[in-house]
Amino acid sequence: MSLLEVSDLTVRYGDDVVVDGVSFSVSRGESVGMVGESGSGKSQTALALLGLLSGNASIAGSISFDGEELTNKTSKQLDSVRAVRIGIVFQDPLQALNPYLRIGKQLRQVLLQHGLATRDTADAEVVEMLKRVGLPDVDRQFRAFPHELSGGMRQRVMIASALICEPDLLIADEPTTALDVTVQAQILDLLEELRDDTALLLITHDLGIVAGRCERLLVFEAGKLVESGATAAVFAAPKIDHTKKLLAAAKRIDRGEILKPSGGKAVLGVEGASVSYRDTSNDRLQAVTDVSLSLREAETLAIVGESGSGKSSLVRAMLGLIPMQVGRVVYAGGSLDGPVQSRAAVQRRDLQLVFQDPVSALNPQMRVAALVGEPLLVHEPNLSAEQRSEQVVAILNRVGLDESYLRRFPHQLSGGQAQRIAIARALILKPKVLICDEAVAALDGSVREQVLAFLREEQRESGLSIIFISHDLAVVRSVGHRVAVMYLGRLIEVAETGDLFSTPRHPYTRALLDAMPVPDPLVAPIAAPLMGEIPSLLSPPSGCVFHPRCKFAENNCRQDRPRLRSVGGSRTACHRAELIRASLTR
């Protein structure tokens, strides 16, 4: 008998069916992946297993756990199952953890509430579990509040909380979505290492994660389980069109066409840029240090690096959204000085930005027609209402949306629809430069491919230049002509995309590439290639900023800061770039 048996599970909210007759099982010690686009019913199924659906939900069908029916139990009765028998790791640990309680106290309460430790032994067990999940300086983290930890450290705490009771089943609901690829690799390795004989139900939209971590695969669409089977078999011979579409949209870091270098002249550049902030203690935090880059006509320049590497600070300083401490921005042969509001209207029009979270960036009180048309009101006030409306409809059609969206508010849009609205708003002015700051990070694979295809088409037709900030190197491989790698506020490698992916010259670049999961069950995942997290910007390392995490570091790396220099087909800031090349092959 399977550990978990789900039969004909249906979840409704009024007349809306969000999970429709789903049946599946999970055996002891088995790892099962659950994939599907946003709104396909994955998370609702997981919440139903634990009785965590909202009060207006109705549930039908059967959920049998270790032979015990769960659908007829009260919340109090389910408390004997939750955490103790079934643990869960949520997508956003900052929301899941109590912001008012220190980390140690939160985990201690889990043990005490379920009678799994005494007050005398609970703290020691918590400390031991925090050590097992790899938290540095455990005594300090035991006393820390959630907001004092990085995203990766908070996710480790969530895993510790889910595993501290040694459950039989662990549900991981998008546990790595918001994490850097290097931290993601660490978390996935950690789950694999710690769960022992615990069954794993892994919910994700990343087929690369499922391919390397799960024995079986469940594919959801519109609330239904539409395909299931052994992971390798489903990848090799998908039976339905939806699964084929998901697999086709999954980007691969190890294959696929790479764009040829752009031969255009420089249209936008930054020279010797440095950006700093003051923290709450009035200490100076150096976010960007001495960065020089250029963007060519009809080129996509991708900027990659972990959170805190300075990517967003750099481009926002270039746009005049935040002050630049040192350096200058050059556009069309002239300087771009001062804050954005002091710049010429034509400069503001020519440089447009698309943020990662379109729902937050779009005015919630404005309908789509007004949102997309507003830039025309500012920059082309002489247009008639009819002319403005025609341009709005035309750009919506360009991003794959029809006139039925004109009357909608942002909250009535899906994530992919909202992002396309944000892109339409930026492109309606026909800018020369578009900056995409993690603009496709939150999109499902098929929607992401639609957005990327549109950007490529727009670039071909209009000569649009794009700065593309992303932590997803598989996407970068498909859209970038050149790639700039940043670490701790510094530029450490710049190369044409083909050169960087075939022969990375910096060990950090190699680590980013190795950390990316490949959507192919026949390609074994590489153990986390980079341990630890990016150091604090308040006290950056001496010498090469990467040396504390670099296995190739020597004394001169700890003492002397390397400058960008030409090595092969790239520019890299590494003392040992020529010597370590042979050691960095996959």
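# Close-up views of a predicted model

The accessible surface of the chain comes to about 25,400 Å², and 47% of this area belongs to carbon and sulfur atoms. The structure shown is a predicted model.

Figure 1. The C-alpha atoms fill a box of roughly 70 × 65 × 50 Å along the principal axes. For 586 residues, a compact globule would have a radius of gyration near 25 Å, and the chain agrees with this, because its own value is 25 Å. Buried residues account for 53% of the 586 residues. Of the contacts between residues at least 6 apart in sequence, 68% join residues at least 24 apart.

**Figure 2. The largest nonpolar core of the chain has 50 residues.** The residues with the most contacts inside this core are Leu-107, Leu-130, Val-133, Ile-159 and Ile-164. Helix α7, which spans residues 151–163, gives the most to the core, with seven residues. A second, separate core has 41 residues, including Val-372, Ala-426, Leu-429 and Leu-455.

**Figure 3. Leu-107 and its contacts are shown in close-up.** When residues up to four places away in sequence are not counted, Leu-107 touches Val-126, Leu-130, Val-157, Ala-160, Ser-161 and Ile-164. Two of these partners, Leu-130 and Ile-164, are listed with Leu-107 among the residues with the most contacts inside the largest core.

**Figure 4. His-481 is a buried loop residue.** The loop in question runs between helix α19 (473–479) and strand β19 (482–487). The relative accessible area of His-481 is 8%, so the residue counts as buried, the cut-off being under 20%. Leaving aside residues up to four places away in sequence, His-481 touches Leu-259, Lys-260, Pro-261, Ser-262, Ala-298, Glu-299, Thr-300, Gln-459, Glu-496 and Thr-497.

**Figure 5. Gly-14 is an exposed residue in the loop between strands β1 and β2.** Strand β1 covers residues 4–13 and strand β2 covers residues 16–26. Gly-14 has a relative accessible area of 55%, and it is therefore exposed, since the cut-off is over 50%. Gly-14 and Ala-57 are 43 residues apart along the chain, while their C-alpha atoms are separated by 7.4 Å.

**Figure 6. Arg-367 lies in the loop between helices α14 and α15.** These helices span residues 358–361 and 368–379 respectively. Arg-367 counts as partly exposed, at 29% relative accessibility. The C-alpha atoms of Arg-367 and Tyr-405 are separated by 8.7 Å, although the two residues are 38 places apart along the chain. With residues up to four places away in sequence left out, the contacts of Arg-367 are Leu-406, Arg-407, Arg-408 and Phe-409.

**Figure 7. Ala-83 has a positive phi, as does Glu-438.** Most residues other than glycine have a negative phi. Ala-83 is not a glycine, yet its phi is about 75°. The residue is placed in the loop between helix α2 (75–78) and strand β6 (86–89), and it is partly exposed at 22% relative accessibility. Glu-438, likewise not a glycine, has a phi of about 55°. Its loop lies between strand β17 (433–437) and helix α18 (445–462). At 11% relative accessibility, Glu-438 counts as buried.

How values were computed
Residues numbered from 1 in each chain as written. Predicted model: local features only at pLDDT ≥ 70, side-chain atom pairs only at ≥ 80, totals over all residues. Heavy atoms only, no water. Core = buried A, V, L, I, M, F, W, Y, C linked by side-chain atoms within 4.5 Å. Buried < 20%, exposed > 50% of the residue type's maximum accessible area, 1.4 Å probe, protein only. Helix = DSSP H or I, 4+ residues; strand = E, 2+ residues; numbered from the N terminus. Contact = heavy atoms within 4.5 Å. Rg over C-alpha atoms; globule rule 2.2 N^0.38 Å. Areas by Shrake-Rupley, 256 points an atom, 1.4 Å probe, with all protein chains shown as cover.
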